[in-house]
Amino acid sequence: MEEERRRSELALVAGVVVLAVLCAGLLLRGGDEPERPAAVPTPAAPTPTPTPTPAPAPAPDPCARQASAGFVPTTISVPGVTRKARVLALPRDAAGVPGVPPVADKLAFAWDRGGIEPGSAAGHVLLNTHTWPDGTAMGNKLLAGLDVGGRLVLAAGKGETRRTACYTVTERTEVLASAGFPGWDAADGPPEVVIVVCSGKRLGPGNWTHRTLWFASPATAA
């Protein structure tokens with residue numbers, strides 16, 4: 001009997017030990033659910049770097065290389081007013097008055113053919129253009145948009161043969177047509193461009209009360 005009692009006690013102790021080991025294992029594993037692998041973060045897709053658009057090259061300054069001698073102009077540009085307007089080389093009439101563009105050519109300029117050429121070292125380069133009563137001619141555009149400080153770029157030719165002469169307006173004045181402006185057509189003295197247009201009140205075809213004149217001196221590159 002004593003022997004059977006000991007065996008029972010040993011069996012009970014062994015059972016308790018096994019149960020304790022199983023419980024400890026469950027506790028270490030966090031219960032009876034299987035351990036889940038740690039989530040691996042998905043790397044974000046790289047953001048493509050936009051290719052920078054190169055800035056356009058600045059346009060060359062037309063006044064950087066100017067003619068060293070006179071030339072017959074074919075275009076004139078006035079920033080803010082007109083770009084490459086035609087210049088017609090026209091002779092003077094029988095009375096010695098510089099020619100004007102055809103009436104229908106309201107946006108062209110006339111240059112005094114045989115007179116002082118742009119790029120010359122002395123004298124006045126004479127230009128004129130039409131003013132229309134409806135406000136659509138080049139003279140109207142000049143009256144509205146060309147003031148002291150404005151730039152004139154006279155040019156001829158293309159590419160390697162292109163010649164330019166640049167001027168800056170130094171004076172703008174309006175006079176009675178009947179009074180005129182003494183010295184406006186000087187053939188000597190400091191080089192200048194002189195533009196003349198009709199202004200004031202229109203009395204009839206080609207007949208206006210006033211004339212507006214712009215005087216412009218040679219300019220350097222901006």
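Predicted model: local features only at pLDDT ≥ 70, side-chain atom pairs only at ≥ 80, totals over all residues.
Residues are numbered from 1 along each chain as its sequence is written, and side-chain values use heavy atoms, with hydrogens and water left out.

A search of the whole structure finds one disulfide, a term for a pair of cysteine sulfur atoms within 2.5 Å. It joins Cys63 to Cys166, with an S to S distance of 1.9 Å. The link connects distant parts of the chain: Cys63 lies in the loop between helix H1 (2–29) and strand E1 (75–78), Cys166 lies in strand E6 (residues 163–176), and the two are 103 residues apart. Helices (H or I, at least four residues) and strands (E, at least two) are DSSP runs, numbered from the N terminus. The angle about the S-S bond is -95 degrees, and the link of Cys63 and Cys166 is left-handed. Cys63 is buried, because its relative accessibility is 2%; Cys166 is buried as well, with a relative accessible area of 1%. Here, buried means under 20% relative accessible area, exposed means over 50%, and partly exposed lies in between (1.4 Å probe, protein chains only).

A search of the whole structure also finds one aromatic pair. The ring centres of Phe181 and Phe215 are 5.2 Å apart and their planes stand at 45 degrees, so the pair is tilted. Rings of Phe, Tyr and Trp (its six-membered ring) pair if their centres lie within 6.5 Å; planes under 30 degrees apart count as stacked, over 60 as edge-to-face and the rest as tilted. Phe181 is in the loop between E6 and strand E7 (192–204), while Phe215 is in strand E8 (residues 207–218), 34 residues apart. Phe181 is partly exposed at 25% relative accessibility, whereas Phe215 is buried at 4%.

The loop between E6 and E7 also holds Trp184. Trp184 has a relative accessible area of 25% and is therefore partly exposed. Leaving aside neighbours within four places in sequence, Trp184 is in contact (heavy atoms within 4.5 Å) with Pro98, His124, Leu126, Val194, Val196 and Leu213.

Thr131 is located in the loop between strand E4 (124–129) and helix H2 (138–145), and is buried with a relative accessible area of 9%. The side chain of Thr131 reaches the backbone oxygen of Cys198 at 2.7 Å. Cys198 is itself buried, at 19% relative accessibility.

The volume of the largest pocket is about 740 Å³. On a 1 Å grid over the protein atoms alone, a pocket is an open set of points where a 1.4 Å probe fits, with protein on both sides within 12 Å along at least five of seven lines; lining residues have an atom within 4 Å of a point. Grid points are joined across faces, edges and corners, and a volume is the space filled by probe spheres set on the points.

Finally, the backbone deserves a remark. Most residues other than glycine have a negative phi. Lys84, in strand E2 (residues 82–90), has a positive phi of about 55 degrees although it is not a glycine. Lys84 is partly exposed, with a relative accessible area of 45%.

Key:
Polar contact = N/O pair within 3.5 Å; in protein donor to acceptor, adjacent residues only side chain to side chain.
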